[in-house]
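Hello,

Here is the structure I promised to pass on to you. Please open it alongside this message, and I will walk you through what turned up.

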Amino acid sequence: MKNFISAYLPSQGREMLRQLSHRLQELGQTPLLLWMLCSVFNESQGQGLTNLGSVFQRFTEIYDIKLKQDVATESRKWWPRLLQELAWRMTCGDNPIEIKVAVEMREAKAVLVEFLRDKVPYPENCVAEWLEDLLNHHLLQRGVGNKIEFRHQLIQEYYTAERLLQYLPELSSATLKRDYLNYVKWTEPLALMLNLVTQESRVLNVVKLALTVDWKLGSRLAGSVNPQFQHQTVCLINNLDASPRPLGMTRVSQCVLNQ
């Protein structure tokens with residue numbers, strides 16, 4: 001990892017390594033995600049590695065706007081929404097417990113046709129072309145058995161998080177707890193989503209609900225929130241009637257814990 005960063009960012013590599021949290025260093029062991037981290041760091045002029053959700057968000061913007069700017073295709077404006085829809089449906093899966101990490105081509109087409117119906121003329125024709133565009137130019141690939149999959153499961157979970165972020169204002173506390181916080185497969189999308197939520201009340205509500213489900217889950221999500229809200233979520237954990245309090249799960253900086 002150090003050799004790649006030094007080659008990609010000869011004048012900034014040391015500063016990037018200094019900024020990487022333990023979690024981001026773990027992800028840096030995967031070549032695709034390491035390239036993503038370097039791209040974001042380089043584009044943001046040495047900033048922007050605060051949390052995983054914001055890194056993914058910035059990378060997909062760079063990828064769509066700059067890295068693929070030479071791709072002339074009408075489908076480009078639909079890429080984020082198509083990827084979110086596909087990721088969402090794959091994560092929902094066929095039951096509440098299991099996630100799909102790969103789907104048959106016909107299933108992927110059916111999902112996207114349903115999504116585009118009443119949004120574009122001739123959705124079947126659009127999907128036939130646009131899905132190939134996504135496979136050729138974006139973060140999807142053909143895997144074992146020619147099934148469609150994201151190039152890394154975390155990319156699927158990021159796009160799922162973006163869709164969950166859209167739904168969050170409409171979700172009641174009961175629904176959020178019953179359908180999402182109670183199932184392990186939603187932990188990473190929820191954590192990525194909390195990286196991106198900018199309303200303090202919604203952040204605190206999700207963390208409070210998670211703490212009623214499981215202290216470790218609540219502590220995990222408390223450490224995933226936007227840095228500006230981490231002091232508030234750590235205070236929630238400090239107020240738990242639990243011994244010992246699960247602060248070690250939050251991954252927040254020591255300076256926040258000491259405030």
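A term to begin with: a salt bridge here is a side-chain nitrogen of Lys or Arg within 4 Å of a carboxyl oxygen of Asp or Glu. Please keep in mind that this is a predicted model. By that definition, glutamate 132 and arginine 142 form a salt bridge through their side chains, with 2.7 Å from N to O. This pair links distant parts of the chain, since glutamate 132 sits in helix α8 and arginine 142 in strand β1 (residues 140–142), ten residues apart. Glutamate 132 is partly exposed, at a relative accessible area of 29%, and arginine 142 is also partly exposed, at 38%. The whole structure holds ten salt bridges.

Now for the overall picture. The protein has 259 residues, and 48% of them count as buried. Its secondary structure consists of 15 helices and two strands. Among contacts with a separation of 6 or more, 62% are between residues 24 or more positions apart. The accessible surface is about 13,100 Å², and carbon and sulfur atoms contribute 48% of that.

You will find lysine 100 in the loop between α6 (79–92) and α7 (105–116). Is lysine 100 buried or exposed? Its relative accessibility is 18%, and the cut-off for buried is under 20%, so lysine 100 counts as buried. Two salt bridges involve its side chain: one with aspartate 94 at 3.2 Å, N to O, and one with glutamate 107 at 2.7 Å, N to O. Aspartate 94 is exposed, at 67% relative accessibility, whereas glutamate 107 is partly exposed, at 30%. Beyond its neighbours within four places in sequence, lysine 100 touches Met90, Gly93, Asp94, Glu107 and Gln156.

Finally, have a look at how α6 packs against helix α8 (residues 123–137). On the α6 side, the contact involves Trp79, Leu82 and Leu83, which meet Trp130, Asp133, Leu134 and His137 of α8. Sorted by class, this contact has five nonpolar residues, one polar and one charged.

Definitions and conventions. Residues are numbered from 1 along each chain as its sequence is written. This is a predicted model: local features need pLDDT of at least 70, side-chain atom pairs count only at pLDDT 80 or more; totals for chains, interfaces and linings use all residues. Side-chain values use heavy atoms; hydrogens and water are left out. Helices (H or I, at least four residues) and strands (E, at least two) are DSSP runs, numbered from the N terminus. Buried means under 20% relative accessible area, exposed over 50%, partly exposed in between (1.4 Å probe, protein chains only). Contact means heavy atoms within 4.5 Å. Accessible areas come from the Shrake-Rupley method with a 1.4 Å probe; for residues, only the protein chains shown count as cover. Ala, Val, Leu, Ile, Met, Phe, Trp, Tyr, Cys and Pro count as nonpolar, Asp, Glu, Lys and Arg as charged, and the others, Gly among them, as polar.
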